[in-house]
Amino acid sequence: MHDALKGVRAHYRPFADWLARTPADRVAQKKDEAERAFHRVGITFAVYGEDEGTERLIPFDIVPRIIPQSEWTMLERGLLQRVAALNAFLADIYGAQRILDANVIPRERVIGNIQFRAEMAGVLVPDGTYAHVAGIDLVRAGAGQWHVLEDNLRVPSGVSYMLENRRMMMRLFPELFATQSIRPVQHYPDLLLENLRAVAPAGEESPTVAVLTPGPWNSAYFEHSFLAQQMGVELVEGQDLFVRDDKVYMRTTRGPQRVHVLYRRVDDDFLDPTAFRADSTLGVPGLFDAYRKGRVTLANAIGTGVADDKSIYPYVPDMIRYYLGEDPVLANVPTWKMYVAEERAYALAHLDELVVKEVHGAGGYGMLIGPMSTAAEREDFRARILARPDNYIAQPTLALSTCPTMVDAGVAPRHIDLRPYVLSGKTAHVVPGGLTRVALREGSLVVNSSQGGGTKDTWVVAD
Amino acid sequence: MLSRTANELFWMARHIERAENTARLLDVTWRTSLLPYPVHDLDLDRAEPWEVPLVTSGTATLFYATHAHPAADAVLRFLMLDPLNPSSIHSCLKAARESARIVRGAITSEMYEDLNTAWLDLRVRDYASIEAMGVQAFCEWVKMRSHLFRGVTFGTMLRGEAYDFIRLGTHIERADNTARILDTKYHLLLPSAADVGGAVDYYQWASLLQSVSGFEAYRKIYSDVITPRRVAEMLVLRDDMPRSLHSCMNLINDTLGHLCEARNDELARRAGELHARLHYGRTDEIIRQGLHEYLMDFLERVSDLGDEISRRFLVPVD
């Protein structure tokens, strides 16, 4: 929010003014009101490893994160470009594999990746769209330059928080919405439904869409039911579905009803015990066959994980150039690939400055933050990198941008990132905003909710 | 709609209704226990006033597994808060709220938030805090939460299948409950007991009527002293009395009528038959048959109906 030289940045001015003229107890009251409302509405997530049924709130911060429209225009262009390239990449590697033949990406990085689904080779998906919903994690660092930190192309979550956070902010601060032009995000479920219907198997005039959830104990169950409700479609579990003659049906009070599109929030491995993990009780036997034959559309497609893997990430700018013939709008974070000898040597010599990540890791686990690590932790990672260089990448420790945040002592800067959601299908869209995650612990760079992160509403405002 | 969703809605409604009925029972037992009449003066087979809510709710066996004597506070704890008693108010609200969470897309946000608020309030309560607020105040709170939820449901929900399954759940549970409440007092309708009369008798009947919100209605309808025969008529046969068996069967029959499409549907036929018995039944015949036998037969048929609804709509077998 603050500019090193000029004080409060212009687009934060209305909120900063509100904060300055509002007594502290009134601000505290707003914060309380938000918390009570979130509890009542039940916007909670389950915590693994705690008692069954433990539900927690993700801390919500009432100070919004604000992005000026001019900056957003650039981000939007970059996001659409990046996701278009990632979809082209997926269609290519499960098809002709031109990019591998052209040696833009080493073949073994793709084919040898455990996220590569050989079963998907030659399967035609509607409109060649694989990642119907993508969550792209962005950070601002240093002098304000945006970077893509990570692509999430499997079952990206968090969009319900984007929507509920906005609803909460409109309730808490109607006057700020009345006096500024804050771009709306609440049409996201409509866009999602439209996108899902558009990718139904060919010839279906009135396709039935359903959301497939692993069930009420999943940490993101709230989001699954929220999206199903917002779209007005059924929320199904594997046990509600069955496959007959390669068609997918749900068990309803009026007998079997055909389903054409599944917005699935179940991982690839668990979708179909006859095709993937046999011990899965979350899936639907025969689903993969129905899918392969084009009788049902899965969103996202099976096998998208290979494109958001951290070992593929360094090649995304090359994909953009290769498929689109354009220069990337959004920069990657510089990345050292540990399987390349000279890059590894550099990283091992600079472990105390770098962040080391597992290529398949997620949720902020399995990572070394050099400047905050102990010598023992660095030695541990050195040994792990040497044992399995394929499994790691290293990046510089970014000076993530901060945003003023309510903490016990008042308002203080905390590090943030941003996850906008990109919808692809017949057309592609990004709603203006996304989920801003904030590291609530002082100095922490880890924004994941499983590790003490909170969320903020994200405002795109006219310049 | 999904069968699993319908099942959760059906049980959500049943659990809320059960919580309300338990609160009603406890409320009335509490009030009766404040009266100066020793109950054993009536020469009833059940001399313990706090055993009545246990028997009525069908939880006596479970209670005696861990308790020797039905003392007031033991029964209150057991029926209000015991998480190991599946019929306690705590267990019922917890189950109802969990069902609502699972199918929150099928109900309105207002309904979910209302039920969730009730649960968030209840889950932090212990017996000491209930004693502090007062047993009656707590029972009233439970009843009001149930009324509120029903009102929110009535006022916000699309009239579709989801609404139908909620209504089915509510009325199957209510029919079951009214029949049980009446049955615990059936001995008062025996010819030998018919002439007992007097103040004790009056309070016994008055409390039974209060437990089904029928006391004021009785006065309006009959403008006369309370007689066992009229109580039976009112709670079994009158269809303008919202907790009567007839009234519950009206709703169940109507709802099943449009859920079952086929004309010769067996489920609709059974509901229709049970409804007709109430619609065309006469008080004299019920008394002659014996109220207890009549109610036992009714309970069995309602339970069958619940099972059949389950097989047909909620947990279908392919």
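How many residues of chain A are in contact with residues of chain B? The count is 17 residues of chain A against 18 of chain B, where contact means C-beta atoms, placed from the backbone, within 7 Å. This is a predicted model: local features need pLDDT of at least 70, side-chain atom pairs count only at pLDDT 80 or more, and totals for chains, interfaces and linings use all residues. Residues are numbered from 1 along each chain as its sequence is written, while chains are lettered from A and ligands numbered from 1 in the order in which they are written.

**Chain A side of the interface**
- α2 (24-41), α9, β9 (234-236) and β11 (247-252) of chain A each supply at least two residues to the side that touches chain B. Helices (H or I, at least four residues) and strands (E, at least two) are DSSP runs, numbered from the N terminus.
- That side holds seven nonpolar, six polar and four charged residues. Ala, Val, Leu, Ile, Met, Phe, Trp, Tyr, Cys and Pro count as nonpolar, Asp, Glu, Lys and Arg as charged, and the others, Gly among them, as polar.

**Helix α9(A)**
- Ten of the eleven residues in α9 (221-231) of chain A are buried. Buried means 20 or more other C-beta atoms within 10 Å of the residue's own, exposed 12 or fewer, and partly exposed in between, with C-beta atoms placed from the backbone.
- Among the buried residues are Glu223(A), His224(A) and Gln229(A).

**Gly303(A)**
- Gly303(A) sits in the loop between β14 (297-299) and α11 (305-308) of chain A.
- Gly303(A) counts as buried because it has 23 C-beta neighbours inside 10 Å.
- Leaving out residues up to four places away in sequence, Gly303(A) touches Tyr94(A), Phe116(A), Arg117(A), Met120(A) and Asp268(A).
- Leu153(A) lies 150 residues from Gly303(A) in sequence, but 9.5 Å away in space, C-alpha to C-alpha.

Note on methods: Two residues are in contact if their C-beta atoms, placed from the backbone, lie within 7 Å.
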